[in-house]
Amino acid sequence: MPAQDDNLLFLENKIQEIKMAIFRAETGVVLQLTNNIISTIKTDSDGNIWFFTTFNSEYLKNVDKHFFAYLEYCQQEQYCRLRLSGKASIVVGDGETGSFTIETNSPGKDNIVLIKFKILYAEYLENKQSEPISVKEKVKSFFTGIFIPHSHRKYDYS
């Protein structure tokens, strides 16, 4: 499985390079977990992304601990976009370090929770800048397309 490991390594590097993403929860929990911008804490070799997000404390008892979600990383300088979908889990605690949930005491305020996001699907888009074409080449291409018939095109109707 070296190809899969290479793909995961590529995703980990891009995520660590970009760091910031837009987090969106799947329908059903959208009223409880807000869409927001997150900062990646870490990635691991199992394809998990760890980050904090907020939700309204009024929904604390109603929040599903596991749900589908989306992350979208975008980097304008390099014209690239990484869209991820997967299963997110609210991390409550691990027994050793206690609860990872950071709660405020005031009702109606936002709570901060740790999310573990398992990548199930990834799509990477990169828009590389093409070399500039001179005005002369553009005009030549335009008139060539108008006046020279496209006899070189072949159509197969079988």
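Biologist: Does Val 135 count as buried or exposed?
Modeller: Val 135 counts as exposed because its relative accessibility is 64%. Buried means under 20% relative accessible area, exposed means over 50%, and partly exposed lies in between, with a 1.4 Å probe and protein chains only.

Biologist: What kind of model is this?
Modeller: This is a predicted model, in which local features need pLDDT of at least 70 and side-chain atom pairs count only at pLDDT 80 or more, while totals for chains, interfaces and linings use all residues. Residues are numbered from 1 along each chain as its sequence is written, and side-chain values use heavy atoms, with hydrogens and water left out.

Biologist: Where is the place of Val 135?
Modeller: Val 135 belongs to helix H2, which covers residues 135-147. Helices (H or I, at least four residues) and strands (E, at least two) are DSSP runs numbered from the N terminus.

Biologist: Which residues make the nonpolar surface patch with Val 135?
Modeller: Val 135, Val 139, Phe 142 and Phe 143 together make a nonpolar patch of about 400 Å². Patches take residues with over 30% relative accessible area and no salt bridge; like charges are joined within 9 Å, and nonpolar side chains (Val, Leu, Ile, Met, Phe, Trp, Tyr) within 5 Å.

Biologist: Changing topic, how many helices and strands are there?
Modeller: The protein has 2 helices and 6 strands, running α-β-β-β-β-β-β-α from the N terminus.

Biologist: And the accessible surface, what does that come to?
Modeller: The total is about 11300 Å², and carbon and sulfur atoms hold 55% of that area. Accessible areas come from the Shrake-Rupley method with a 1.4 Å probe; for residues, only the protein chains shown count as cover. Of the 158 residues, 30% are buried.

Biologist: How many salt bridges are in the whole structure?
Modeller: The search finds 3 salt bridges, each defined as a side-chain nitrogen of Lys or Arg within 4 Å of a carboxyl oxygen of Asp or Glu.

Biologist: Which residue forms one with Lys 14?
Modeller: The partner of Lys 14 is Glu 17, with their closest N and O atoms 3.8 Å apart. Both lie in helix H1 (residues 2-18), 3 residues apart, or about one turn of the helix. Lys 14 is buried at 10% relative accessibility, whereas Glu 17 is partly exposed at 39%.

Biologist: What does Glu 72 meet in a salt bridge?
Modeller: Glu 72 meets Arg 81, at 3.2 Å from N to O. A further salt bridge joins Glu 72 to Arg 83, where the closest N and O atoms are 3.7 Å apart. Arg 83 lies in strand E5 (residues 80-91) and Glu 72 in strand E4 (residues 66-75), so this pair ties together parts 11 residues apart in sequence. Through shared partners, Glu 72, Arg 81 and Arg 83 form one network.

Biologist: Why can such side chains pair?
Modeller: Side chains of opposite charge can pair when their charged atoms come close.

Biologist: One more: which residues does Asn 48 touch?
Modeller: Leaving out residues up to four places away in sequence, Asn 48 touches Lys 42, Thr 43, Lys 116, Phe 117 and Lys 118, where contact means heavy atoms within 4.5 Å. Asn 48 sits in strand E3 (residues 48-56) and counts as buried because its relative accessibility is 7%.
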